[in-house]
Each structure stands twice: as structure tokens, then as C-alpha cells.
Amino acid sequence: MHLTCTLTCFYAENHGGRLVVVPPRADLTPDVAQLEAAITPRTRAILLNSPNNPSGVIYPASTFVEIEAALSRAMRPIVLISDEPYRALVFDDVVPPEVPPLVTRSIVATSWSKSLAIPGERIGYLAFSPRMPEAAELFEACTFTSRVLGFVNAPALWQWVVAEVGDQVIDVAPYREKRDLMYEGLTRIGYQCVKPQGAFYVFPRTPIDDDVAFVRLLAEEGVLTVPGSGFGAPGHIRISLTVERDTVVRALPGFERAFRKARGER
Ligand SMILES: Cc1ncc(COP(=O)(O)O)c(C=O)c1O
């Protein structure tokens, strides 16, 4: 499993599951050899998210080809859950690979939160690869589980809306412009950062190891970010681009002051 968030942890642990975070490679793509090494007889699923929250990285087809090979070597069936709510929010003509043709035992999980910009409405779907021998059984299990747990029920009104406009996508140009402004601004200051290819986050390395302390330094400069340790990736911060363009521009001097302070250069 790759950069996973605290929320996912609660969902799994509330029901007796245990999440194991596999650190990514330096380019923030999954390290499939490490992932395979983390598989035990108790492993039931691998959870990947691409385009990724918090990094904006899009995993290449080769990642999924390697995962298919690793899963074929596993002692028992393991399902890949491909969490893809940002699939439509991509820049620079990058096309995220389709996962089900590459991974036999795969489930695609998605949401209209991002493509229609309706966060909080909690409407999306699961798609089960028909090539997976357990597809029908898993489908029944998920239908039952969502009824009995009841904490995420697609609102009736939005079921009507997505039936009409579900294939529409908001204009990604403003996100791309803010991505460029933030990425170029941060790298000019000296931050190390993988250029996001999708989603609406930027995920630079922090100039000091303690990402929580660095988030505090930024807050003193009036800039709000989230520590990477909440995503299983300490030493990073997540910056969200769901703000006005002007906010990005006004935040950059704060990013610079905090960077200099952290490195003791006042
Ligand atoms: C990676 C990822 N998966 C899933 C979701 C959940 O989307 P929803 O708003 O439909 O609950 C989010 C929302 O932030 C997300 O970032």
C-alpha cells in the first residue's frame, strides 16, 4: 500500500484490518519490490491511489504490470483496490493507465467529488473487474456492507444529477495554472518537489525532517498546510490548490520565509 491517509486507517482498523504503509520510491511512485516483500499470508488487499493524493503523481502502467506479477506469486488471492477519484483531473496530456486490463483481481473505487467539484456529497461507485473469479461474491459483500454500515449513502438528489452529467469534468485549466505557479515558486525558493501531473495538491519535501514542526513554522507565516506524516510520508507537506490563484501568489513569500528560517538563514 502506498501513501495512505489517516482516515483510511480508521476505516480498516474499525473493522479489524491492519494497514501497512509501504514507503514509495524517491519519485513517489510505488516500490513494487518493497510492496511484494510486505505481503504476508494475512494480506487481503493492496490499496493504491493514482492520480495520488497527496503527491499528484500518476503511476505508470509498468507499476500495475509489476503488481500483477507480484500478485500471481502470492500464496492466496489478493485484490488490488485502485482508488481513482482524480482520474479526470490530469495535466500535460498524461493519461492514467486503465487498471482492470492490467490487474486481474482489481476493483476500481471512484467518486464524483473531484471531477464535478462536489466534495462532501459522497457519491461514487466501485467497479469489479469481471476477470476476477470472486467478482460476483465481492459485489454482493460490498452491497451488503454499505447497507449495514450505513455511514456513506449516496444522496438521492445527487444520484439524479450524476445520471445526467456524470461524464462531465470541471475545467482543469485553473488547477494547472495554480500547479505551475506553486511548483515553480517552490522550486525557485529551493524546495525539492516532484511535479504533480494530476489532482490538486503539491507535495514538497520539508527543509527539516520534522514535518509537523515545519507546518507550525508555515502557520506562523500565515500559510496552512498538512504534514506528510498524516499520509504515511513524513518529511513532506501537502499543499492544496483548492484556493484562489491570488492565495497561491500571496502564500509564496511565506513559504520562502519559513524555508529560510528552518535552515537558519534569516
Ligand atoms: C484519494 C482519495 N480517495 C477517496 C476520496 C473520497 O472521496 P469522497 O469525497 O467521495 O468521499 C478522496 C477525497 O478527498 C481522496 O482524496
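Residues are numbered from 1 along each chain as its sequence is written. In this predicted model local features need pLDDT of at least 70, side-chain atom pairs count only at pLDDT 80 or more, and totals for chains, interfaces and linings use all residues.

User: Which strands stand at the edges of the sheet?
Analyst: Four strands form an open, mixed sheet in the order 1-2-3-4. Strands are DSSP runs (E, at least two residues), numbered from the N terminus, and two of them pair if DSSP finds at least two bridges between them. Each edge strand has a single partner strand, so one side of it is left without a neighbour in the sheet; these are strand 1 (45-49) and strand 4 (124-128).

User: Which residue of strand 4 stands opposite Ser111?
Analyst: Strand 3 (residues 106-111) pairs with strand 4 in the antiparallel sense over five bridges. Opposite Ser111 stands Gly124.

User: How many residues of the shell around the ligand are charged?
Analyst: The ligand is surrounded by nine residues named here: Asn49, Asn53, Asp83, Pro85, Ser111, Ser113, Pro119, Arg122 and Gly124. Asp, Glu, Lys and Arg count as charged, Ala, Val, Leu, Ile, Met, Phe, Trp, Tyr, Cys and Pro as nonpolar, and the others, Gly among them, as polar. The shell has two nonpolar and five polar residues, and the charged ones number two.

User: How many residues of domain 2 are in contact with domain 1?
Analyst: An automatic or database assignment sets the bounds: domain 1 (6-165) and domain 2 (173-262). Contact means C-beta atoms, placed from the backbone, within 7 Å. Domain 1 contributes 18 residues, and domain 2 contributes 17.

Technical notes:
Near = placed C-beta within 6 Å. Contact = placed C-beta atoms within 7 Å.
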